[in-house]
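Thank you all for coming; please bring up the model, and I will walk through it feature by feature.

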Amino acid sequence: MNLTEAGYVAGWRLVRALPRPVVAAAFRAGADRAHRSNGRGTRRLRANLRRVVGPDLPEAELNALVRAGLRSYARYWLEAFRLPSLSRPEILAGFHLDGQEKLAADVAAGRGAVVALPHSGNWDAAGAWVAATGWPITTVAERLRPEGLYKRFLAFRQSLGMEILPTSGGDRPAFDVLLDRVRAGAVVPLLADRDLSARGVEVEFFGGRTRMPPGPALLAIRTGAPLYVASLWYTPDRAHAAIEGPLELPDPDSAPLDARVRAVTQRIADRLAAGIARHPEDWHMLQRMWLDQGTDGTLSQPAATTGTI
């Protein structure tokens, strides 16, 4: 076990053993230290949130938003570490989904559903809530290094009742398995707000160009399953989400498949942007996001004028 894996293991054990108020104070203090230190992740978050709020927000208010964003991110990790120790009633009580009746109808009808998610709020709590509700749920997870750390994250999410597929190295391609699961009636949530690989679909997002994964759009087009876009945020007492949709899918004869995927991915991007703009402090994007950003998140060329959606 290396130091990174050992740190996560210690976190899981310690955070679950101590009283929540004690741990929450420590995580909040850690977020504030990160804010004062202004390291690379904090600078990236600042640049990303500036895109969201636009150029007119005073710097002092942006600074407060960045601090709130780091505290929200710390809260995500705190709650993720504590999730495995919660009972089913506690998981159900700690999360609320606006639009849950839509997913309930999809599962009952056996048609499944695809949900595009941002890196906001607590997506682990959302998945645990779906599983605790009794709905089948399958998603994918990046194959982390070291392998021991990946296996611990895998076991963590599986312990919550989720089926987790690796993005690579599985017995079958993850997308093929997802096709089967959707057709069998499962809920398939997929993080959808960032993919800077060569496979990503280029979209407009808060006035700039970025790439987002084609998976949610392609999965819905290939299966005909309803496609929703989620927004996620926190209130003081629990995690929340709302789903919008189902999104309209292009007619199969209207354009080639790649053009339809691009069109649907742009629709996803527009709705993700609307949700993030409503709750920017809960968008945990501490990575490079736009194509015109440098590695530390700052602009490598002038940005287009942006604003909230």
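**Walking through the predicted model**

At 47% relative accessibility, valine 22 counts as partly exposed, where buried means under 20% relative accessible area, exposed over 50%, and partly exposed in between, with a 1.4 Å probe and protein chains only. Before I go further, this is a predicted model, in which local features need pLDDT of at least 70 and side-chain atom pairs count only at pLDDT 80 or more, while totals for chains, interfaces and linings use all residues. Residues are numbered from 1 along each chain as its sequence is written, and side-chain values use heavy atoms, with hydrogens and water left out.

Back to valine 22, which belongs to helix α2, residues 20-37; helices here are DSSP runs of H or I with at least four residues, strands are runs of E with at least two, and both are numbered from the N terminus. Together with Leu14 and Leu18, Val22 makes a nonpolar surface patch of about 250 Å². Patches are made of residues with over 30% relative accessible area and no salt bridge, like charges being joined within 9 Å and nonpolar side chains (Val, Leu, Ile, Met, Phe, Trp, Tyr) within 5 Å, and the areas come from the Shrake-Rupley method with a 1.4 Å probe, only the protein chains shown counting as cover for residues.

Next, the salt bridges, by which I mean a side-chain nitrogen of Lys or Arg within 4 Å of a carboxyl oxygen of Asp or Glu. How many does a search of the whole structure find? The search finds eleven salt bridges, and one of them pairs arginine 71 with aspartate 32, with the closest N and O atoms 2.8 Å apart. Arginine 71 sits in helix α4 and aspartate 32 in helix α2, so this pair ties together parts that are 39 residues apart in sequence. Is aspartate 32 buried or exposed? Aspartate 32 is buried, at a relative accessible area of 15%, whereas arginine 71, at 24%, counts as partly exposed.

Arginine 50 also forms a salt bridge, with glutamate 59, the closest N and O atoms being 3.0 Å apart, and glutamate 59 is partly exposed at 47% relative accessibility. Glutamate 202 and arginine 209 meet through their side chains in a further salt bridge, at 3.3 Å from N to O; glutamate 202 is partly exposed at 39%, and arginine 209 is partly exposed at 36%. Salt bridges that share partners also join Arg20, Arg75 and Glu79 into one network.

Arg20 and Glu79 come up again at the second largest pocket, where they are among the residues nearest its centre, along with Leu86, Glu90 and Gly94, in a lining of 16 residues. The elements giving two or more residues to that lining are α4 (59-82) and α5 (88-93), and the largest share, three residues, comes from α4. The volume of this pocket is about 290 Å³. On a 1 Å grid over the protein atoms alone, a pocket is an open set of points with protein on both sides within 12 Å along at least five of seven lines, and lining residues have an atom within 4 Å of a point; the points are joined across faces, edges and corners, and the volume is the space filled by probe spheres set on them.

Let me turn to the backbone. Most residues other than glycine have a negative phi, and most peptide bonds are trans. Asparagine 38, although not a glycine, has a positive phi of about 55°, and asparagine 38 is found in the loop between α2 and α3 (40-53), partly exposed at 29% relative accessibility. Phenylalanine 206 likewise has a positive phi, of about 50°, and lies in the loop between β6 (201-205) and β7 (208-212), where phenylalanine 206 counts as buried at 4%. Which residues does a cis peptide bond join? Glycine 245 and proline 246 are joined by one, with omega at about 10°, and proline 246 has its place in the loop between β9 (239-244) and α11.

I will finish with helix α11, residues 257-278, which holds valine 264. Valine 264 is buried, with a relative accessible area of 0%, and its C-alpha atom is separated by 5.7 Å from that of alanine 217, 47 residues away along the chain. Alanine 263, also found in α11, is partly exposed at 31%.

Methods: 1 Å grid on protein atoms, 1.4 Å probe; cavity = no way out; pocket = protein on both sides within 12 Å on 5 of 7 lines; lining within 4 Å.
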